[in-house]
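Let us walk through this structure, from the whole chain down to single residues. Keep the sequence at hand.

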Amino acid sequence: MSNAAQHRLTAGRLAGRLLIVLLSLALMVVLVAHRSFPERAGLGLFLDNLTPWLGFGIPVLLLLAMLVRGRITFLILLLPAIAWAWIFGAAFVPANPPEPVDKFTVATQNVHQDGAAASAEGLVAEGADLISLQELGEGQAEQVGQLLADSHPHQFSVGTVGVYSKYPILDQQPLDLGLGWSRAAKLRIQTETEQVTVYAVHAASARPLDHEERDTMLRNLGQIMARDRSSKIIALGDFNATSTDRHFTPISDQLEEVPHESWGFGMTWPNRPVPVLKIDHVMVRGLDTGSASTLSLGDSDHRAVFATLDLASS
């Protein structure tokens with residue numbers, strides 16, 4: 001190889017190393033500080049909710065680093081890798097909770113105004129003690145209520161939300177959460193051993209340039225939860241926000257997400273072909289977080305979330 005060619009190769013590798021260093025640092029900054037980016041033109045919503053997927057940039061940069069070589073590129077690449085593991089590692093690995101002493105199972109699914117009966121039957125077959133369905137169409141709450149009259153006789157519906165319980169509902173309160181009409185509810189459930197406060201939620205939709213109503217609902221719900229002195233709280237439903245969304249913070253500051261029982265984040269939307277966002281949640285306070293799984297039921301574009309909890313824990 002001539003000196004000129006050798007010089008060009010060396011210069012190309014140096015440029016490649018510099019590019020990888022800059023991209024690695026940029027990736028680390030986005031991972032750590034995505035909530036600090038402005039929300040203009042939907043940028044904040046995009047970054048917040050797709051941040052977990054930025055981890056795919058790490059192996060891509062690793063392959064590039066192997067091409068250009070250079071020790072510094074591999075060292076700098078550790079920064080975004082460590083940042084991703086620190087932020088998402090615990091949520092990515094499977095949950096391994098102990099066997100529950102006082103088992104209580106809950107399930108939630110946005111049925112997308114179609115196939116509510118099939119979803120309800122599937123969740124009953126899974127053994128859910130309490131079921132929350134969202135986006136119920138006209139007459140569907142009553143249809144599901146009749147279907148589950150024997151297995152889940154204690155029922156309450158408001159707006160697009162229906163709750164069906166094996167155990168008595170001692171108290172129920174519709175929540176409009178600032179919208180002027182209710183699409184959430186607060187209930188008090190009496191199990192065989194405990195009283196549990198349940199929030200069933202169907203947050204407003206979130207689009208890049210239109211998520212003010214959702215943000216209002218989540219903020220008001222977080223304030224209600226902060227004032228709630230119940231010893232055991234479960235919140236479940238379609239929040240239309242991932243756990244990394246800055247507007248989900250009022251909820252995540254109050255309650256803990258039930259971890260997924262398998263590898264991955266337990267994404268719930270869209271149902272097919274591959275879910276990319278986890279916008280349906282089961283959150284708890286005052287009891288063991290247990291474990292959760294996702295199920296493809298009915299004709300919905302959301303996967304259901306099924307969670308096993310331990311009421312004996314505190």
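Helices (H or I, at least four residues) and strands (E, at least two) are DSSP runs, numbered from the N terminus. This is a predicted model, where local features need pLDDT of at least 70 and side-chain atom pairs count only at pLDDT 80 or more, while totals for chains, interfaces and linings use all residues. Residues are numbered from 1 along each chain as its sequence is written, and side-chain values use heavy atoms, with hydrogens and water left out.

Start with the whole chain. It has 8 helices and 12 strands. Its C-alpha trace spans about 85 × 40 × 35 Å along the principal axes. Of the 314 residues, 50% are buried. Buried means under 20% relative accessible area, exposed means over 50%, and partly exposed lies in between (1.4 Å probe, protein chains only). Contact means heavy atoms within 4.5 Å. Among contacts between residues at least 6 apart in sequence, 68% join residues at least 24 apart.

Now the surface. The chain exposes about 14900 Å², and carbon and sulfur atoms supply 57% of that area. Accessible areas come from the Shrake-Rupley method with a 1.4 Å probe; for residues, only the protein chains shown count as cover. The chain carries 23 positive and 32 negative charges, and their mean positions are 15 Å apart. Lys and Arg count as positive, Asp and Glu as negative; His and the chain ends are not counted. The place of a charge is NZ of Lys, CZ of Arg, CG of Asp or CD of Glu.

Two patches come next. Patches are made of residues with over 30% relative accessible area and no salt bridge; like charges are joined within 9 Å, and nonpolar side chains (Val, Leu, Ile, Met, Phe, Trp, Tyr) within 5 Å. A salt bridge is a side-chain nitrogen of Lys or Arg within 4 Å of a carboxyl oxygen of Asp or Glu. Glu39, Asp210, Glu212 and Glu213 form a negative patch. Of these, Glu213 sits in helix α7, residues 212-227. Leu62, Leu63, Met66 and Phe74 form a nonpolar patch, with about 380 Å² of accessible area together. Helix α3 (residues 57-68) gives the most to the nonpolar patch, with 3 residues. Leu63 lies in α3. At 56% relative accessible area, Leu63 counts as exposed.

Turn to the backbone. Most residues other than glycine have a negative phi, and most peptide bonds are trans. Ala41 has a positive phi, near 55 degrees. Ala41 is in the loop between α1 (3-33) and α2 (43-50). Leu177 also has a positive phi, near 55 degrees, and lies in the loop between β5 (169-175) and β6 (184-190). Which of the two is buried, and which exposed? Ala41 is exposed, at 70% relative accessible area. Leu177 is buried, at 4%.

The loop between β9 (256-257) and β10 (280-285) holds Pro270. The peptide bond from Trp269 to Pro270 is cis, with omega near -10 degrees. Pro273 is in the loop between β9 and β10 as well. A cis peptide bond joins Arg272 and Pro273, with omega about -5 degrees.

End at Ser151, in the loop between α6 (140-147) and β3 (154-158). Ser151 is partly exposed, at 29% relative accessibility. Leaving aside neighbours within four places in sequence, Ser151 is in contact with Val124 and Lys166. Ser151 and Val124 are 27 residues apart in sequence, yet 7.9 Å apart in space, C-alpha to C-alpha.
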